Amino acid sequence: MSEAKPKSSSPAFELIIRPVAAEIPAGADCSACSASCQSACKTSCTVGNQPCPAEPAETE
Amino acid sequence: MSGRAGRDGVARLSYQLVHLFRSQDQCLLYDGATGALVRLGEGPFRQWKQFLAPRNQGTDTGGQGRGGSGELQDPPGLAQLHQLGLFRAPQYPTASDSPLGAAGLHSLCLNVAHACDLACAYCFAGAGEYGREGEPGNASPTPAIMPLETAQAALDFLLGNSPPGRTVSVDFFGGEPLLAWDTVVGTVDYGRERAAALGKQILFTLTTNGCALDDHRAHFCAANISTVIVSIDGRPETHDRLRRDRSGGPSYARALRGARLLQEALRQTGAHAAAATDKYSSSLPGAVASVSQAALRPDRPLESGPLWIRGTYTAHNLDFWRDVQHLRELGMDQISMEPVTTGPDDKALYRLLPSHLPAIRDSYARIAEMVTEGRLRFFHYELNTKQPACAPKRYSGCAAGAGYGCVDPQGRLFPCHQFDGQPGWCQGGVAELEGYVLLPALAGATVGAKQTCRDCWAQLLCGGGCHYSAWRHSGHGGLLEPDPLACLIGKARLEAALGVQARVTGSAVAADQT
């Protein structure tokens with residue numbers, strides 16, 4: 001970031017969470033999802049708490 | 001640097017969903033359209049507030065047209081943050097490219113018991129019975145306990161309607177699922193066998209009031225259930241005020257005994273050592289990395305493993321942070337505390353009101369301090385920042401009828417456990433249905449379809465909220481208008497959660513004022 005000066009003790013801003021991608025995936029990202037919303041739902045209706053691990057299923 | 005961003009006429013800056021707030025002595029900017037979180041210095045925070053005050057919402061092209069002639073100077077970091085990807089205009093999937101439901105069915109709630117050994121005053125299921133005694137057209141009460149054959153049919157439906165190679169999950173719920181113990185045990189055995197034959201992974205969770213747990217059941221759960229959620233509201237006087245047994249007696253001591261049996265069983269089986277791999281934890285990779293590992297002190301490792309304590313707060317305990325503190329002092333370090341749900345015409349004394357918001361905010365702030373200090377994991381603060389929610393979750397947070405369903409003791413499929421038994425929401429019997437079909441009304445209830453949500457900074461974190469809550473708030477008339485009090489509480493909670501993230505997560509980019 002060319003305009004950023006060296007960090008001081010009191011920066012003008014600190015980016016904590018980066019922006020999510022602009023494009024909207026059409027569902028392919030769900031194909032490997034092992035998310036279970038129900039336990040999240042019963043304790044939350046907040047997406048941030050609802051998981052999207054995108055991990056492949058473990059086969060035995 | 002004033003208004004450079006967007007002067008090429010291509011990039012239009014949108015401040016419509018920019019939210020400025022304070023949390024844990026921090027000045028924070030959250031960009032609701034992109035999910036970005038920024039910590040500001042005190043001076044820049046004031047300049048941003050001044051910058052956003054006259055516009056409230058809308059788009060802008062650099063310094064053009066601002067306040068009539070662009071007389072306000074750009075606040076510090078505007079152009080840099082824009083270069084980093086902030087201030088895009090929000091966009092929403094159209095009906096044709098909606099990702100909802102694309103993945104089929106992935107989890108089922110088995111309401112194995114339409115019965116409960118408690119009669120909690122605030123239970124959404126009518127003391128766990130789901131109104132089964134009073135269903136219109138029923139000559140006799142519907143079964144209270146799900147037969148094993150029905151549960152097996154439900155698992156066949158789940159496994160047969162999920163994409164190949166996929167992990168599926170099953171939650172035992174009710175009522176009180178321990179009243180259907182034989183069904184629970186038989187379902188776990190059957191599910192394991194069927195899933196293995198199909199090359200799938202199946203995970204089981206169980207939500208219980210804990211009162212009917214004994215040593216044998218606790219050990220079964222420790223060995224077979226990936227996450228156990230025990231309902232305890234906190235201090236004894238809080239818990240026993242509304243969580244009474246069928247005779248009107250208290251239940252705190254039995255619930256706590258059950259939780260302790262589980263803790264001990266988990267310790268003996270070594271499950272606590274695998275806390276990071278339990279279903280809940282593994283499902284939140286970003287949260288585990290950003291909150292738990294960073295916030296929980298090394299000298300105080302997790303003790304509870306896959307055990308979570310879930311409480312409900314009401315108008316009677318707006319200081320519910322004390323209930324969280326009480327549970328933590330008992331050694332419970334994974335806690336969720338939920339606002340009680342009531343209908344629009346409910347006059348119950350425990351009902352939450354808008355006037356309670358300051359006290360609710362205070363409790364959330366105090367809990368945030370506990371989490372930041374590494375004293376516990378609080379469910380709602382485990383935001384997944386490293387790996388944001390997938391598109392379906394971003395645009396519709398509620399998976400009711402869109403990958404998630406609930407089966408009642410008769411084997412009827414509903415969109416979720418709260419829709420169980422509600423008129424017009426039965427999707428058919430799992431033994432007869434030919435496939436899993438997304439309900440159009442639920443598919444259309446996305447953030448983009450809800451005007452209230454389109455104007456809200458929290459839309460990507462909340463996803464539009466709970467479909468059942470909206471349906472009940474509307475008087476069973478629609479799904480597109482969220483319960484406003486639920487929104488206010490949710491936003492207060494999210495501010496605290498973002499404050500925790502800002503405290504425990506290192507900054508990705510920092511810049512001085514230019």
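In which loop of chain B is the place of Glu432(B)? Glu432(B) lies in the loop between β15 (428-429) and α13 (440-443) of chain B, where helices (H or I, at least four residues) and strands (E, at least two) are DSSP runs numbered from the N terminus. The structure is a predicted model, in which local features need pLDDT of at least 70 and side-chain atom pairs count only at pLDDT 80 or more, while totals for chains, interfaces and linings use all residues. Residues are numbered from 1 along each chain as its sequence is written, and chains are lettered from A and ligands numbered from 1 in the order in which they are written.

Glu432(B) is exposed, with 11 other C-beta atoms within 10 Å. The C-alpha atom of Glu432(B) is separated by 47 Å from that of Leu330(B), and the two residues are 102 residues apart along the chain.

Chain B has 514 residues, of which 55% count as buried. Its secondary structure comprises 17 helices and 16 strands. Contacts are assigned to two residues whose C-beta atoms, placed from the backbone, lie within 7 Å. Among the contacts in chain B between residues at least 6 apart in sequence, 76% join residues at least 24 apart.

Two strands are taken to pair if DSSP finds at least two bridges between them.

Within this sheet, all seven residues of strand β10 (residues 307-313) of chain B are buried, so the strand is largely enclosed by the rest of the structure. In a regular strand the side chains alternate between the two faces of the sheet. On one side of β10(B), Leu307(B), Ile309(B), Gly311(B) and Tyr313(B) are buried, as are Trp308(B), Arg310(B) and Thr312(B) on the other. Strand β9 (residues 227-231) of chain B runs parallel to β10(B) and is joined to it by four bridges, with Val230(B) opposite Ile309(B). Five bridges, again in the parallel sense, link β10(B) to strand β11 (residues 334-339) of chain B, where Pro339(B) is the bridge partner of Tyr313(B). Between β10(B) and β11(B) the chain passes through helix α10 (residues 321-329) of chain B in a right-handed β-α-β crossover; right-handed denotes that, with the strands pointing away from the viewer, the path from the first strand over the helix to the second runs clockwise. Strand β11(B) also pairs with β12(B), in the parallel sense over two bridges, and Gln334(B) stands opposite Arg377(B).

Helix α3 (residues 148-160) of chain B has 13 residues and reaches 18 Å from its first C-alpha to its last, close to the expected 18 Å, a span calculated as 1.5 Å times one less than the number of residues. Its buried residues include Thr150(B), Leu155(B) and Phe157(B), and their cover includes β6 (107-113), β7 (167-174), α4 (181-198) and β13 (404-407) of chain B. Helix α7 (residues 252-269) of chain B has 18 residues and reaches 26 Å, close to the 26 Å expected. Among its buried residues are Leu256(B), Gly258(B) and Leu262(B); α5 (215-224), β9, α6 (236-242) and β10 of chain B are included in what covers them. Just after α7(B), Gly270(B) takes a positive phi of about 80°.

Both chains contribute to an open antiparallel sheet of five strands, ordered β2(B)-β3(B)-β4(B)-β1(A)-β16(B). Its edge strands, β2 (18-23) and β16 (509-511) of chain B, each pair on one side only. Strand β1 (residues 13-17) of chain A runs antiparallel to β16(B) and is joined to it by three bridges, and Leu15(A) stands opposite Val509(B).

The mean pLDDT of chain A is 51, and 18% of its residues reach 70 or more; pLDDT is the predictor's confidence in each residue, from 0 to 100. Over residues 42-60 of chain A, pLDDT stays under 50. Where pLDDT is low, the predicted coordinates should not be read in detail.

Methods
A residue is buried if 20 or more other C-beta atoms lie within 10 Å of its own, exposed if 12 or fewer, and partly exposed in between; C-beta atoms are placed from the backbone.
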